[in-house]
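The paragraphs below go through one model, from annotated spans to pockets, core and backbone. Please keep the sequence and the coordinates open while reading.

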Amino acid sequence: MASRIPSLDTEVIVTGVSPSRRRRQLRKTTESYSFLAPTLALLLVLMIVPIVMVVGYSFQDNVILGKSGEFVGIANYVAILTDAGFWRATSNTVIFTVTSVAAHLVLGLGFAMMLNSKLIGAFPRAIFRGLYVLPWLFTVAVIAVLWRMLLAPNGVINFLLNSDIEWLASPQLALGTVTFINIWAGYPFFMVSLLAGLQGIPGDLYEAATVDGASPTQRFWNVTIPQLRPIIVSLLLLDMIWTSQQFALIWMTTGGGPIDVTEVLSTFTYKLAFAKYDFSSAATSAVLVLLMSMVLAIFYVRHQKARD
């Protein structure tokens with residue numbers, strides 16, 4: 001049996017003296033933080049400093065455009081929280097987010113179960129998989145241009161419906177239309193993730209449920225959903241965070257209009273900063289959005305810890 005050769009410390013080899021336990025611990029800690037230092041420096045410069053600056057701006061007036069800001073306490077928060085436009089944007093954000101996330105889940109789960117079904121052959125399944133993933137391959141700019149052309153008064157959709165509806169310019173239809181476009185663009189993420197989860201469910205569970213006389217509906221609710229629950233909860237929380245921060249799609253399709261009916265918190269904050277040049281109010285709105293996102297992030301982290 002080969003004897004184990006103990007590894008020698010470099011300092012012992014060079015100096016011939018074994019370092020004390022405290023010295024070894026100090027050197028180990030220093031090495032660990034040295035490896036982390038580049039990442040910590042990037043986090044500090046790219047995340048911590050900007051967030052602290054924005055929070056500081058939210059308590060000041062006449063920032064960025066003036067030579068020095070004036071401390072106004074919570075006056076900016078009172079002004080934003082009593083602004084009807086902020087609450088209209090919040091309401092639109094909630095409607096846009098909840099509808100999109102619910103539709104993403106239903107469509108993603110439905111298509112994933114269809115692609116996982118043995119009733120469809122391998123070749124048709126590959127074709128459907130490519131078609132269903134297609135929206136995910138487009139950038140937001142391509143999606144916005146594509147749907148603006150399709151939904152134009154003289155576009156394909158109105159031609160097929162024999163109508164001249166202003167889908168993105170009508171105050172009654174604009175929010176629903178933008179939500180539909182976001183649903184179309186986002187369901188493949190759910191479909192791909194849930195398909196991977198379905199393929200990981202042991203077939204023995206379905207066989208045991210079938211032997212016990214469970215119907216397809218009972219197998220779905222008592223086998224499929226419990227097995228997918230960790231994935232579904234993670235997807236829902238992540239999608240709520242991403243969708244509530246959606247900016248590019250809305251900005252490139254409606255710009256928050258018409259008459260603010262598609263105004264969401266991201267476009268509301270952007271307009272405060274770069275249309276009205278009110279950076280103090282924009283910083284205040286951004287801090288409030290950050291706090292709302294942190295609530296969702298806390299739920300996500302707690303779910304991940306419970307899952308681990």
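Helices (H or I, at least four residues) and strands (E, at least two) are DSSP runs, numbered from the N terminus. The model is predicted, so local features need pLDDT of at least 70 and side-chain atom pairs count only at pLDDT 80 or more, while totals for chains, interfaces and linings use all residues. Residues are numbered from 1 along each chain as its sequence is written, and side-chain values use heavy atoms, with hydrogens and water left out.

The span of residues 33–59 is 96% helix and 0% strand, and its end C-alpha atoms lie 34 Å apart. Residues 167–190 are 71% helix and 0% strand, with 27 Å between the end C-alpha atoms. Both spans carry the UniProt feature "transmembrane region" (unreviewed entry), which that record also places at 94–115, 127–147 and 279–301. UniProt positions are given in the numbering used here, feature names are shortened, and annotations may be inferred rather than shown by experiment.

Next come the pockets. On a 1 Å grid over the protein atoms alone, a pocket is an open set of points where a 1.4 Å probe fits, with protein on both sides within 12 Å along at least five of seven lines; lining residues have an atom within 4 Å of a point. Grid points are joined across faces, edges and corners, and a volume is the space filled by probe spheres set on the points.

The largest pocket has a volume of about 490 Å³. It is lined by 13 residues, and Met 113, Asn 116, Ser 117, Tyr 206 and Thr 224 are the closest to its centre. Two or more lining residues come from each of α4 (84–116), α9 (203–211) and α10 (216–244); α10 gives the most, with 4 residues. By type, the lining of the largest pocket divides into 7 nonpolar, 4 polar and 2 charged residues (Ala, Val, Leu, Ile, Met, Phe, Trp, Tyr, Cys and Pro count as nonpolar, Asp, Glu, Lys and Arg as charged, and the others, Gly among them, as polar).

For the second largest pocket the volume is about 420 Å³. Of its 19 lining residues, Thr 269, Ala 282, Ala 286, Val 287 and Val 289 are the closest to the centre. Its lining has 14 nonpolar, 5 polar and no charged residues. The largest share, 8 residues, comes from α13. At least three lining residues are drawn from each of domain 1 (52–82 + 278–307) and domain 2 (97–274), with bounds from an automatic or database domain assignment.

Which residues touch the most other members of the largest nonpolar core? Of its 22 residues, these are Leu 109, Ala 112, Phe 190, Met 191, Leu 194, Leu 228 and Ile 232. Such a core is a set of buried Ala, Val, Leu, Ile, Met, Phe, Trp, Tyr and Cys residues joined through side-chain atoms within 4.5 Å; buried means under 20% relative accessible area, exposed over 50%, partly exposed in between (1.4 Å probe, protein chains only).

Most residues other than glycine have a negative phi, and most peptide bonds are trans. A cis peptide bond joins Gly 257 and Pro 258, with omega about -5°. Pro 258 lies in the loop between α11 (248–253) and α12, and Ile 259 is placed in the loop between α11 and α12. Ile 259 has a positive phi of about 55° and counts as exposed because its relative accessible area is 69%. Asn 162, in the loop between α7 (156–161) and α8, has a positive phi near 55°.
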